[in-house]
Amino acid sequence: MNHDVVESTWVQLLVGLLAVVAVFVAAALGAALLAWAPMTGRDPAKAHGRWRSVARGVREGARRLTTLVGTGVRRFRVPSAVTTRLTDTVRHPARLVVLGFAVAVLAGSALLSLPFATESGRSAPLVTAVFTATSAVCVTGLVIEDTGTFWSGFGEAVILGLIQIGGFGIMTLASLLGLLVARRLRMRLQLGTQTETKAIGVGEVRRVVLGVMRVSLIVEAVVAAALAWRFAEGYGHSTGRALYLGVFHAISAFNNAGFGLYADSLMQFVDDPLICLPIAAAVIIGGLGFPVLFELRRQFRTPRRWSIHTKITVGMTVVLLAGGWLAISVAEWSNPGTLGGFGIGGKLLAGFVAAVMPRTAGFNNLNVAEFNDVTLLIHDVLMFIGAGSAGTAGGIKVTTFALLGFVILAEIRGQPSVHALGRRLPAGVQRQALTIALLSVAAVAASTAALLALTPFRLDQVLFEVTSAFATVGLSTGITAQVGTAGHVILIMLMFVGRLGPITAATALALRERTRRYELPEERPIVG
């Protein structure tokens, strides 16, 4: 899309939405015409008064269709094994989350495959549509084609909607619809939402869902207003265009998606704090996680009363941001392709924003392809760790990383149990953290090996791309479009699994849960 033509965005959006409405209207009219027998007649004498009986014909056709469908449903019997499997799948909250995200990806792929979803007016290739839809739903930001030039206004609107869906979570959106329609939640829907939002109890789901909506709308509105003002006043965009740019980038930033409407992402704004800092703030707030935001709102002035989850998340966020800022700034300070051409203030600003983005945001204010090997490795580590749980970020989460550190510290000290910040950590939480970390390492290692075998790129490039996809970051060294169809399929699977989490995906794929009814004799193997 040509960004200099202001009205093109709104025209594309209007035409695209009208086209979707027209499809549904045409389908409804077609069904009515087929169901109404008088409309098929060609005798002029019978045509008199035809339009007067349209309503009666439609009602009669609907009645016949309802009777036919009801009869078929009563006669049709699904095998008991199939119904049992479907019932077990629907009842399991983790499987519902996986199913919801899969449906969103399929729906987004179908919409992005429409001809008017692209700027050229031709249908996008299937791999491109599926890849983009998966990246948007999983709030990653990796793209095969540039978002601002390849997709039309309608396509950009679809991508923005998929980002918002992925940020809220499929079960969260379903709960919002249930609140609006029925004013109450069914138990099964509550359990599904609890899996997605990590609510403490089933009774808190309503409060969590409404809080998610309020926080998201407030943060996105404030950031969008700040960005729109800057785009209008500082870069000469019209009010409509500036507002569109502000809303798109605010939603993308808060949901840690990393989709942008500029081919170079934020590189042209690298020294503009009024653009970079609001986006960075939205990324940090979204990456903290909704439970942490709720607790900070209630007890911001009494940190001693914070839960251990909030203490770990906030503490690790500060440590990783400060450490990443320092490490990236030092590593790139004299690099002419990144920070070398700026003054001290520009270097510090660009270094801070560059340290924020590996926390699964995906915007790049510096040319990633010009990073040296040390900076690429720093990014790999920051991307793999990610940000807070139950938020819009990916990675193994800062709580998982911190819990593993506490386990190691306890083992070094020879302590029989693990303690952290005045609390004892349950053994189940320790096993969960270890499982997430090892499954994540296995996914990244296996995918890296596969892409190395399928593509001619170097290890540092492939590892960066794989880690970015798995951690749903969206940063790229520029090889995403060149990895081939097989490579795109691998990245799609990585984004999907990385968004849902290894344990959630594994639980959803399990046929049933098994309970151990006995314990075997204990024997200690030699470790190390």
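Tutor: What follows takes each label and sets a value against its definition.

Student: What should I know about the model first?

Tutor: This is a predicted model, so local features need pLDDT of at least 70 and side-chain atom pairs count only at pLDDT 80 or more, while totals for chains, interfaces and linings use all residues. Residues are numbered from 1 along each chain as its sequence is written, and side-chain values use heavy atoms, with hydrogens and water left out.

Student: What makes up the chain in terms of helices and strands?

Tutor: The chain has 22 helices and two strands. Both are DSSP runs numbered from the N terminus: helices are H or I with at least four residues, strands are E with at least two.

Student: Why is Thr 147 called buried?

Tutor: Buried means under 20% relative accessible area, exposed over 50%, partly exposed in between, with a 1.4 Å probe and protein chains only. Thr 147 has a relative accessible area of 3%, so it is buried. Thr 147 sits in helix α7 (residues 147–150). Over the whole chain, buried residues make up 47% of the 528 residues.

Student: Which residues are in contact with Thr 147, leaving aside neighbours within four places in sequence?

Tutor: Glu 156, Ile 159, Phe 248, Phe 259, Gly 260 and Leu 261. Contact means heavy atoms within 4.5 Å.

Student: Why does Lys 397 count as buried?

Tutor: Its relative accessibility is 16%, so Lys 397 falls on the buried side. Lys 397 lies in the loop between α17 (373–385) and α18 (398–413). Its phi is near 85 degrees, a positive value in a residue other than glycine.

Student: What is the phi of Asn 256, and is Asn 256 buried or exposed?

Tutor: Phi of Asn 256 is near 55 degrees, again a positive value in a residue other than glycine. Asn 256 is buried, because its relative accessible area is 0%. Asn 256 is in the loop between α12 and α13 (273–288).

Student: Why is α15 called oblique to α16?

Tutor: Start with the angle. The axes of α15 (residues 308–332) and α16 (residues 344–356) come within 8 Å and cross at roughly 125 degrees. Axes are lines fitted to C-alpha atoms, for helices over the stretch in contact, and angles run from 0 to 180 degrees between N-to-C directions. Under 35 degrees counts as roughly parallel, over 145 as roughly antiparallel, 65 to 115 as roughly perpendicular and the rest as oblique. That makes α15 oblique to α16.

Student: What residues make the contact of α15 with α16?

Tutor: Among them are Leu 321, Trp 325 and Ile 328 of α15 and Leu 348, Phe 352 and Val 356 of α16.

Student: What is the packing label for α14 and α15?

Tutor: Helix α14 (residues 290–299) and α15 pack at about 100 degrees, with axes 10 Å apart. That makes α14 roughly perpendicular to α15. Val 292, Glu 295 and Leu 296 in α14 meet His 309, Thr 310, Thr 313 and Val 314 in α15.

Student: What makes a set of residues a nonpolar core?

Tutor: The members are buried Ala, Val, Leu, Ile, Met, Phe, Trp, Tyr and Cys residues, joined through side-chain atoms within 4.5 Å. The largest such core has 85 residues, and Ile 163, Phe 231, Ile 279 and Met 357 touch the most other members. Helix α12 (residues 239–254) gives the most to this core, with eight residues. A second, separate core of 31 residues includes Val 270, Ile 312, Ala 420 and Val 473.
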